[in-house]
Amino acid sequence: MKETPLSNCERDFLLKAIQEKKRLDGRQTYDYRKLKIMFGTDFGCCFVELGKTRVMAQVSCELVAPKESRPNEGIMFFNIELSPMASPAFEQGRQSELSVKLNRQLERCLRNSKCIDLESLCVVSGEKVWQIRVDVHTLNHDGNLMDAASITAIAALCHFRRPDVGIQGDEVTVYSPNERDPIPLSIYHMPISVSFAFFQQGTYLLVDPCEREERVMDGLLMIAMNKHREICSIQSSGGIMLLKEQVMRCSKIASVKVSEITKLITKALENDKTARKAGGKCGFAESMPQERITALKMEETPVEMTDATEQANDIDRTVEVPPQISQSPVVPIPGMGHVGQGLQNNWGIEEDDLDEEDSDNKETTMEVEEKRQAEGDVVELSDSDSEEDEVVILQPEATGGVQKNTSTSSHLKGPAASKKRHRK
């Protein structure tokens, strides 16, 4: 499914806001979104929230044969999965251009930077080595997936513990965690990626772009650096020309952001280690009561509850008791009314008045018919099979003769009116 393109109004609004140094979420130009790092129950499971962007990483290991070119080194494998759950634009079971780009950048950031001692993963030279596999899953996409993926992957690698191994001759024994304590990986440094978005051919710069800002940007610069200010990898995309001063400026900003994120990762690892030693809740057991597993959640709002009972009692005393029968609604427009069960008729005419008028009309009609029949001038001959009734009226003329005339009158039978022919 293709993502919905931005309208011209949205694009112009975003670009104008960037020119005025304003962002949609209220951040400044060089501000990062709120970052949270959580660890799962098992070693090597890590969750990272970067604003509304959520990424999960799981590290696993197995014994495999080493590469022929490097028989004394272990193997590192990275895999990034863009799930349709994260964004409707991602398709299941199909690698997109973004997925390949993120996978290559993550390999440059972590594997090519030699942040992990691969020789320590060797069990038997040329025969068995540890293969470390890092699976990164996107849970929600709101921009800057590369930074979130790099933070999640390095935090999961620092949190991971591999099983201990014993060698007796040609026999290799893998001990369970109950038999021997797992061994952490040997990590030299923690490279972290920082992304910079450029707008209007490099005129404006933003740190940590969100999803809408990424769709209107002209170019992207990703710098992977550790806390020692060593650049591990750098990549520019978008086809814009950057000056040397711009790249140096971005590297200085990245060094500050990397040092802050590294401290946050170290503190999260220490807290998890302390909780596990104390036997307290950690991982999912700690996340479930606080409802931190869901992708999108609302922040808790503090509410003052000290005088809640007294205020509720005061409201109960002052409030008026609602009427048992609802009043008739007031119709503001003349000529309209509302009649319903339990409501007063507001048509201006009561039902009793209507009944009296109907009875008066019936009495007047009956009196007229009786008067005509008493005079003997009207003889009514009705035929039930025909719609028309013949009425013969005998009326003497002034000359004494009899003149016949045919006229049409209306005779009401029930609710419908039928035509009649009269003869004089």
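1. Helices and strands, as named in this note, are DSSP runs numbered from the N terminus, a helix having at least four residues and a strand at least two. On that basis R229 is placed in the loop between β13 (219–225) and β14 (231–237). The model under review is a predicted one, and the points below should be read accordingly.

2. Overall composition. The chain contains eight helices and 18 strands. It has 424 residues, of which 34% count as buried. Its accessible surface amounts to about 27,700 Å², and carbon and sulfur atoms account for 51% of that surface. As for contacts between residues at least 6 apart in sequence, 65% of them join residues at least 24 apart.

3. The largest nonpolar core. This core comprises 64 residues, and L110, L157, F196 and I265 are those with the most contacts inside it. The element that gives the most to the core is helix α3 (residues 145–159), which supplies 11 residues. A further core of seven residues lies apart from it; L6, A197, L206 and V216 are among its members.

4. The surroundings of I265. Residues up to four places away in sequence are not counted here. With that exclusion, I265 touches I37, I151, I154, A155, M190 and I192. Residue I265 is also one of those with the most contacts inside the largest core.

5. The position of S193. This residue belongs to strand β11. With a relative accessibility of 0%, S193 counts as buried, since the cut-off for that class is under 20%. Beyond its neighbours within four places in sequence, S193 has contacts with Y32, M146, D147, S150, M222, I223 and A224. The C-alpha atoms of S193 and A149 are separated by 8.8 Å, although the two residues are 44 residues apart along the chain.

6. Salt bridges in general. Side chains of opposite charge can pair when their charged atoms come close. A search of the whole structure returns 15 salt bridges. Three of them are taken up in the next points.

7. R27 and D208. The side chains of these residues form a salt bridge with an N to O distance of 3.2 Å. R27 is located in the loop between α1 (8–19) and β1 (35–39), and D208 in the loop between β12 (204–207) and α4 (211–216), so the bridge ties together parts that are 181 residues apart in sequence. Are the two partners buried or exposed? R27 is buried at a relative accessible area of 10%, and D208 is buried as well, at 0%.

8. D272 and R276. In this salt bridge the closest N and O atoms are 2.8 Å apart. The two residues are four residues apart in helix α5 (residues 244–278), so about one helical turn separates them. D272 is buried, its relative accessible area being 9%, whereas R276 counts as partly exposed at 24% relative accessibility. Elsewhere, salt bridges that share partners join D25, R27, R33, D142 and D208 into one network.

9. E73 and R70. A salt bridge also links the side chains of E73 and R70, at 3.5 Å from N to O. R70 counts as partly exposed, with 43% relative accessibility.

10. Aromatic rings. How many aromatic pairs does a search of the whole structure find? The search finds zero. In another case, the charged end of R180 sits over the ring of Y175, 3.9 Å from its centre.

11. Positive phi values. Two residues deserve attention when the backbone is inspected. Q200, which is not a glycine, has a positive phi near 55 degrees. This residue is found in the loop between β11 (192–199) and β12, and it is partly exposed, with a relative accessible area of 31%. R229, likewise a residue other than glycine, has a positive phi of about 65 degrees.

How values were computed
Residues are numbered from 1 along each chain as its sequence is written. This is a predicted model: local features need pLDDT of at least 70, side-chain atom pairs count only at pLDDT 80 or more; totals for chains, interfaces and linings use all residues. Side-chain values use heavy atoms; hydrogens and water are left out. A nonpolar core is a set of buried Ala, Val, Leu, Ile, Met, Phe, Trp, Tyr and Cys residues joined through side-chain atoms within 4.5 Å. Buried means under 20% relative accessible area, exposed over 50%, partly exposed in between (1.4 Å probe, protein chains only). Contact means heavy atoms within 4.5 Å. A salt bridge is a side-chain nitrogen of Lys or Arg within 4 Å of a carboxyl oxygen of Asp or Glu. Rings of Phe, Tyr and Trp (its six-membered ring) pair if their centres lie within 6.5 Å; planes under 30 degrees apart count as stacked, over 60 as edge-to-face and the rest as tilted. A charge sits over a ring if NZ of Lys or CZ of Arg is within 6 Å of the ring centre and within 35 degrees of the ring normal. Accessible areas come from the Shrake-Rupley method with a 1.4 Å probe; for residues, only the protein chains shown count as cover.
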